[in-house]
Amino acid sequence: MTPADLSRAVLSAVRSAVDGGELAVAVPERVVVERPGPGGAGEWASNVALRLAREAGRSPREVAEVLRGRLAAAPGIAGVEVTGPGFLNVTLAGDSVGALVARIAAEGEAYGSGDALREAAPVAVPDGSELRARVVAEAAGRLVRAQGGSVRGGEAAPVPARPGLHSEAVLGADGVRWALLHPAPHDLPHGAEVLEQRARNPLFRVRYAHARGRGLVAGGAALGVVPGAGPVGGEAARVLAGLLGEQPAVLVAAAARKGAPDRVARQLVVLADAFFDFHDSCDVLPRGGEKPGAAHRARLALAEAAGTVLAGGLSLLGISAPDHL
């Protein structure tokens with residue numbers, strides 16, 4: 001079950017409670033699920049009960065308890081717990097990480113695309129004469145089309161490479177594009193640091209995480225280890241898998257609706273940093289004379305999935321993802 005599937009299951013639980021006369025509320029159009037915060041439990045959490053409580057004339061925990069049983073009965077859900085003031089915390093059934101990486105492997109860099117805007121009216125993407133406005137408009141249009149929508153405006157915006165700044169300035173037009181897209185709209189574009197092959201450059205970290213994932217797959221092949229389904233333990237793996245699961249429903253669709261490619265760029269940095277935390281927390285590939293096992297295959301599959309999602313996210317921004325840096 002993906003976050004999008006879970007979001008629909010939560011909405012179905014709300015609709016069922018309304019139809020059954022247990023809640024007197026308007027069913028929301030959409031529900032966002034997130035990874036649990038401090039004090040939470042399970043793999044995913046929703047604050048829908050807190051949102052509906054006032055309209056229902058009941059406490060958030062009462063609303064959450066009404067929804068809990070209905071949600072727990074949905075296919076693919078192992079359990080639902082109410083925590084804090086009324087958060088629904090969900091544990092998925094089966095090997096949810098394995099199912100996620102299998103889906104990413106099947107969809108490739110198209111993972112994250114969908115049809116959230118298929119029925120929406122054409123989105124007007126404002127163009128401007130200034131380079132940043134044109135680059136943002138182009139990327140926003142690409143996000144809308146990735147969600148099945150149509151766009152007015154947002155034509156291609158060639159970006160100069162700005163070569164010759166110094167010896168480390170090697171990221172060229174991709175770096176300039178990132179400099180214009182990564183900051184929030186109210187922030188100034190980045191400076192020359194986004195052209196450098198250094199860890200302080202967020203674009204370099206994103207591309208290096210992608211390249212490292214590809215390198216692990218190549219190294220695994222040389223050792224006879226191929227990505228495979230299986231449980232992956234550890235907090236770093238859980239965080240990484242959670243971020244990968246958020247990519248289509250929570251991230252790309254929301255960024256498309258808002259016309260905000262900067263959200264995608266910044267989330268890619270978070271994802272890259274989570275990949276390195278995972279990479280450093282365990283041996284993805286066997287070391288020394290260690291015999292390859294199911295754990296190595298599962299870790300390699302998760303690393304490969306991370307690289308695929310990073311490449312797909314960069315592609316949505318019009319930025320390349322080389323396999324070698």
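Contact here means heavy atoms within 4.5 Å. The legends below describe close-up views of a predicted model.

**Figure 1. Overview of the protein chain in the predicted model.**
The secondary structure of the protein chain amounts to 10 helices and five strands. Of its 325 residues, 47% count as buried. Among contacts between residues at least 6 apart in sequence, 69% join residues at least 24 apart.

**Figure 2. Ala260 in the loop between α8 and α9.**
Ala260 is found in the loop that lies between α8 and α9 (261-281). Its relative accessibility is 10%, and Ala260 therefore counts as buried, the cut-off being under 20%. With neighbours within four places in sequence left aside, Ala260 is in contact with Leu143 and Ala255. The C-alpha atoms of Ala260 and His182 are 9.8 Å apart in space, while the two residues are 78 apart in sequence.

**Figure 3. His182 in the loop between α6 and α7.**
The loop that holds His182 runs between α6 (172-181) and α7 (202-223). His182 has a relative accessibility of 12% and so counts as buried. When residues up to four places away in sequence are not counted, His182 touches His190, Pro202, Asp262, Ala265, Arg266 and Val269. The view also takes in Ala260, whose C-alpha atom is 9.8 Å from that of His182.

**Figure 4. Helix α6 and its packing partners.**
Nine of the 10 residues of α6 are buried, so the helix is largely enclosed by the rest of the structure. These buried residues are Gly172, Asp174, Gly175, Val176, Arg177, Trp178, Ala179, Leu180 and Leu181. They pack against α5 (131-146), α7, α9 and α10. Ala173 also belongs to helix α6; at 28% relative accessibility, Ala173 counts as partly exposed. The C-alpha atom of Ala173 is separated by 8.6 Å from that of Ile319, a residue 146 places away along the chain.

**Figure 5. Helix α10 and the glycine that comes just after it.**
Helix α10 comprises residues 294-316. Its 23 residues should span 33 Å at 1.5 Å a residue, and this agrees with the 33 Å between its end C-alpha atoms. The helix is mostly covered, with 17 of its 23 residues buried. Just after α10, Gly318 adopts a positive phi of about 80°. Among the elements that pack against α10 are the buried residues of α6.

Three residues lie between the strands of the β2 and β3 hairpin, in which Gly84 takes a positive phi near 55°. Ser46 stands opposite Leu88 in β3.

Helix α4 has 12 residues. From its first C-alpha to its last the helix reaches 17 Å, close to the 16 Å expected at 1.5 Å a residue. Ser96, Val97, Gly98, Leu100, Val101 and Ile104 of α4 are buried.

Rolling a probe the size of a water molecule over the atoms shows where empty space is left. The second largest pocket has a volume of about 330 Å³. By class, the lining consists of 11 nonpolar, seven polar and five charged residues.

Conventions. Residues are numbered from 1 along each chain as its sequence is written. This is a predicted model: local features need pLDDT of at least 70, side-chain atom pairs count only at pLDDT 80 or more; totals for chains, interfaces and linings use all residues. Side-chain values use heavy atoms; hydrogens and water are left out. On a 1 Å grid over the protein atoms alone, a cavity is a set of points where a 1.4 Å probe fits but cannot get out, and a pocket is an open set with protein on both sides within 12 Å along at least five of seven lines; lining residues have an atom within 4 Å of a point. Grid points are joined across faces, edges and corners, and a volume is the space filled by probe spheres set on the points. Ala, Val, Leu, Ile, Met, Phe, Trp, Tyr, Cys and Pro count as nonpolar, Asp, Glu, Lys and Arg as charged, and the others, Gly among them, as polar. Two strands pair if DSSP finds at least two bridges between them. Helices (H or I, at least four residues) and strands (E, at least two) are DSSP runs, numbered from the N terminus. The expected span of a helix is 1.5 Å times one less than its number of residues. Buried means under 20% relative accessible area, exposed over 50%, partly exposed in between (1.4 Å probe, protein chains only).
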